[in-house]
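Welcome, and please open your viewer. This short tour tells you what to select next and what you will find there.

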Amino acid sequence: MRALKLSALGAAVMAATAATAAQASFEQLVDDSSLTLTYKMYKWDQENKNNQGKYKDAQDEFVHALIADYKSGYFADIIGFDFQVGMARDINSDDKFSGTNLPGGGSNGHLDDIAGVQQAYLKAKFGGEDLNVYGTYGQKKRDLQSYSDSGSRILNASSFGADVVSNIHGLNLYATRIDAFSARNQSTFKDDLKNSNGQTIDDVMIYGAGYEWNGLGGVLEQAKSQDYLKKTIAKVYYTLPVSENVSVDFDARYGKVEKDGKLYDTAFLDANGNYESSYNNLNATLNIGNAYVGVGYNKTKDGDYDNKLFSNDHGSFNSSLDLEMGYNYEDEKAYVVKAGYDFADYVPGLGVNVWYAKGKDAKDFENFNQKEVGANVSYNFSGKLDGLSLVYFHTAYRTSGDYATGRDDALGGMYNTNINRVYLTYTYEVF
């Protein structure tokens, strides 16, 4: 009888312990969570003309959006979830022009509204600081070397799939599978991946490895969209400390794309139905206190460089010459000079970046030239206006030259444009 009583007491203690642990895990899930609300207002003006100065098209968009972003803690320090929802509406855009932040075609003289879930995914983690695994599954904004969901519009693009990342004493190994996509200016939660003929691409598989040691690092990544395109990216970088406030950043990048199946059917194909292209990109940046000045060089060969892993992908060209244009026509040589200054010592929150880029010698063009000059001025408010930021962006892009016989323009360039954009963003931390 006594043994039975002790057994019952032990079971009760174990149950109470389990209940306490479960309660503690639930509290961790809730207490470590956060919720932010973000309001955005974008004013975009852009005038595009062909390189003979004749009218082509334009943008005149004034839109705003509200986004709620919830991030949970981890139950049992293992599993949690993140959720983001947003809606965007027109304020006063010119409906004669198609929108890029919002779709056109509204019946009330405005661009159409969009709303939906931008992110909804489970997350899990295991292990400690030097040996761990992190995974996600669901809809999220992904940012990899060979693929990136666009964040350049008022609502982000996102993709549906699974990710796993492992850190083994500084060696990062990772893999991602994407099987659906949500465009940056649509309300749909996810759409199938398609080629230009509307045929379904089953998935995109991405594998990569990276390592960093004493300022020297590298990453190697490959993406394969099923029966469509294979994309390989390699990057090596190094930071050279010169003195307490002076350093130099170096990096070298290589990218290659090639046809990888029967579904690849774009204008990039050559006469034999094949396609490949590659680029080399070299960069150096001198950092002196709050200022920097840098230079980058890019050379593309074997074909125009196709950024997209499926037709409705917004493209990801992992080069310092990924500006208004990609500067990635076949045989094109391009460079960029850039500089910036953080005015934290004089006007806290104010930062300025400027750049000048030029490309030349593209294959099958006559007298080819493209160039742009741009500036980005940002200010982050503080005090009672903490969370409010204002950004002004300007770029002027010019191109000249004529197509040689039989030359197409699959990259969609060869125009002149003046772009002015104002971004107002306010983020409030609810908890």
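Predicted model: local features only at pLDDT ≥ 70, side-chain atom pairs only at ≥ 80, totals over all residues.

Residues are numbered from 1 along each chain as its sequence is written, and side-chain values use heavy atoms, with hydrogens and water left out.

**Stop 1: a first pair.** Select Lys-43 and Asp-45. Their side chains form a salt bridge, with 2.9 Å from N to O. The term stands for a side-chain nitrogen of Lys or Arg within 4 Å of a carboxyl oxygen of Asp or Glu. Counted this way, there are 15 salt bridges. In general, side chains of opposite charge can pair when their charged atoms come close. Now colour by accessibility: buried means under 20% relative accessible area, exposed over 50%, and partly exposed in between (1.4 Å probe, protein chains only). Lys-43 is partly exposed at 26%, and Asp-45 is partly exposed at 31%.

**Stop 2: strand to strand.** Next, select Asp-82 and Lys-71, whose side chains meet in a salt bridge of 3.9 Å, N to O. Asp-82 sits in strand E3 (residues 79–90) and Lys-71 in strand E2 (residues 55–71), so the pair ties together parts that are eleven residues apart in sequence. Strands (E, at least two residues) and helices (H or I, at least four) are DSSP runs, numbered from the N terminus. Is Asp-82 buried or exposed? Asp-82 is buried, at 5% relative accessible area, whereas Lys-71 is partly exposed at 32%.

**Stop 3: a loop and a strand.** Move on to Asp-260 and Lys-224, joined by a salt bridge of 3.8 Å, N to O. Asp-260 belongs to the loop between strand E13 (246–259) and strand E14 (276–288), while Lys-224 is in strand E11 (residues 216–225), so this pair ties together parts that are 36 residues apart in sequence. Asp-260 is partly exposed at 26%; Lys-224 is partly exposed at 37%.

**Stop 4: two backbone angles.** Most residues other than glycine have a negative phi. Select Asp-77, in the loop between E2 and E3: its phi is positive, about 60 degrees, although it is not a glycine. Asp-77 is partly exposed at 41%. Finish at Asp-364, in the loop between strand E17 (350–360) and strand E18 (365–380). Asp-364 has a positive phi near 65 degrees and is partly exposed at 40%.
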